[in-house]
Amino acid sequence: MVTLGDEARVLDDHDVLCRDGVVAGMAPSGTLAAAGARVIDAQGRVVLPGFINAHTHFYSSLVRGLGKARPSKNFREVLEHLWWRLDRALELADVRVSALLALVDAIRQGTTTVLDHHASAGAVRGSLDAIAEAVHASGLRACLCFEVSDRDGARVCDEALAENAAFAARCASGQDPHLRALIGLHASFTLSDATLRRAEEIASRAGVGLHVHVAEAASDQEACLEAHRCRVVERLHRLGILGERTIAAHCVHVDAGEMELLARSGTAVAHCPQSNLNNAVGIADTLAMRQRGVLVGLGTDAMTNRMLEELRSALWVRHLAAADPSAGLAQTCALLLDGNRGIAGRLFPGLGLGELREGGAADLVVIDYQPPTPLHHDTLLGHLVFGISQAVVDTTVCAGRVLMAGRRLEIALDEAALAATARACAAALWARF
């Protein structure tokens, strides 16, 4: 058992007892009283806390293989040729199916908490409830928001703000341990000051933060400097968007002053290296952000649901950026192991997500891994990056509920039927696209 957390431990030959959604006990094998409990044999495997994804997009699930987008020379064209066309073409049925596909894959990859950022300009009202239904069907935890933007006109913007407000109100009590809300924002270059102020007012009234794309490409900074005579983080700070409840995704092109603003405001950053590489926008300087005290976590931007794959990519780009093959192992691993735990702790306080401890959430994964070299505290990171990351997830548990065991789903969902439905939705979506 690998506990992670502030005092990460590697415990050989231990059992973990889950009861009523929490970890009720952790002790040497055979010493826990567990009469009547279901037993999952993890002999020869590694047990870890469920992984957390700090930034993703469920709605992208149905574009796999889509060849209708024109080639793009830069990030703005990627948005215009593909993603903005897609979100205008989505219908509510597509939204729910896309979410289910992503959530099932998350189960298979051992990711139990996901922070989604949704966009469907063609189907705004009810979209977050549709995703929430998929979250409940999967048994995972998720924080949801709808992407507000001025790019599709006043009506869609108004609907997006209303959708966020309604869903934040639904989650206001915090009684549902599986759902949380943020207010979603696209990026500075598609948002007016008036819209940003309206979003901030909704967030303040609801007592939640905001989830915004920040300086993903250099063009975001260029547009902000030209239109507002300041940099993106400075603009967001002036308009009250930053804060401990807010997540700034990407932050590839932020300077030292902006990093200081992020740190002072307590704003969290979600680093998405594979997406940044794919879109050729650059490499975020996560080491510099962490050195200045910014809480930096790891997202995937929907490139994968396998967080250890994203971790490996984060490490390779750090080596490349530093021209140093020894740079940043511990600091980069901390994005996933500590940063995501900190971000999830702000959204789901008191649950202890991202660590195994008595009294904490019973969110855990069992990975089929026999360490060929000693596995202990001092070697853990090497095993995570070079070994466990390549192994298969056998079992996924969230809130004490077994969602997959022996690589077989145990939720009430037929994967083959879901795939067939998705193919039909995709064919119709591609025709509209």
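User: What is Arg-306 in contact with, leaving aside its neighbours within four places in sequence?

Analyst: Contact means heavy atoms within 4.5 Å, and on that basis Arg-306 is in contact with Gln-109 and with Ile-388, Ser-389, Gln-390, Ala-391, Val-392 and Val-393. The model is predicted, and local features need pLDDT of at least 70, side-chain atom pairs count only at pLDDT 80 or more, while totals for chains, interfaces and linings use all residues. Residues are numbered from 1 along each chain as its sequence is written, and side-chain values use heavy atoms, with hydrogens and water left out.

User: Why is Arg-306 called buried?

Analyst: Buried means under 20% relative accessible area, exposed over 50%, and partly exposed in between, with a 1.4 Å probe and protein chains only. Arg-306 has 16% relative accessibility and therefore counts as buried. Arg-306 is found in the loop between strand E13 (295-298) and helix H11 (307-322); helices (H or I, at least four residues) and strands (E, at least two) are DSSP runs numbered from the N terminus.

User: What makes the pairing of the Arg-306 and Gln-109 side chains a polar contact?

Analyst: A polar contact is a pair of N or O atoms within 3.5 Å; within protein, one must be able to donate a hydrogen and the other to accept it, and residues adjacent in sequence count only if both atoms are side-chain atoms. The two side chains are joined at 2.8 Å, so the pair meets the distance limit of 3.5 Å. Gln-109 lies in helix H2 and, at 19% relative accessibility, is also counted as buried. Not counting residues up to four places away in sequence, Gln-109 touches Phe-51, Asn-305, Arg-306 and Val-393.

User: Why is Arg-155 called exposed, and why is Glu-159 called buried?

Analyst: Arg-155 has 55% relative accessibility and therefore counts as exposed, whereas Glu-159 has 18% and therefore counts as buried. Their side chains meet in a salt bridge of 3.2 Å, N to O. Both residues lie in helix H4 (residues 154-170), four residues apart, about one turn of the helix. An α-helix has 3.6 residues a turn, so residues three or four places apart point the same way.

User: What makes Leu-48, Leu-144, Leu-185, Val-214 and Ile-367 stand out in the largest nonpolar core?

Analyst: A nonpolar core is a set of buried Ala, Val, Leu, Ile, Met, Phe, Trp, Tyr and Cys residues joined through side-chain atoms within 4.5 Å. The largest such core has 117 residues, and these five have the most contacts inside it. Helix H2 (residues 92-109) gives the most to this core, with nine residues.

How values were computed
A salt bridge is a side-chain nitrogen of Lys or Arg within 4 Å of a carboxyl oxygen of Asp or Glu.
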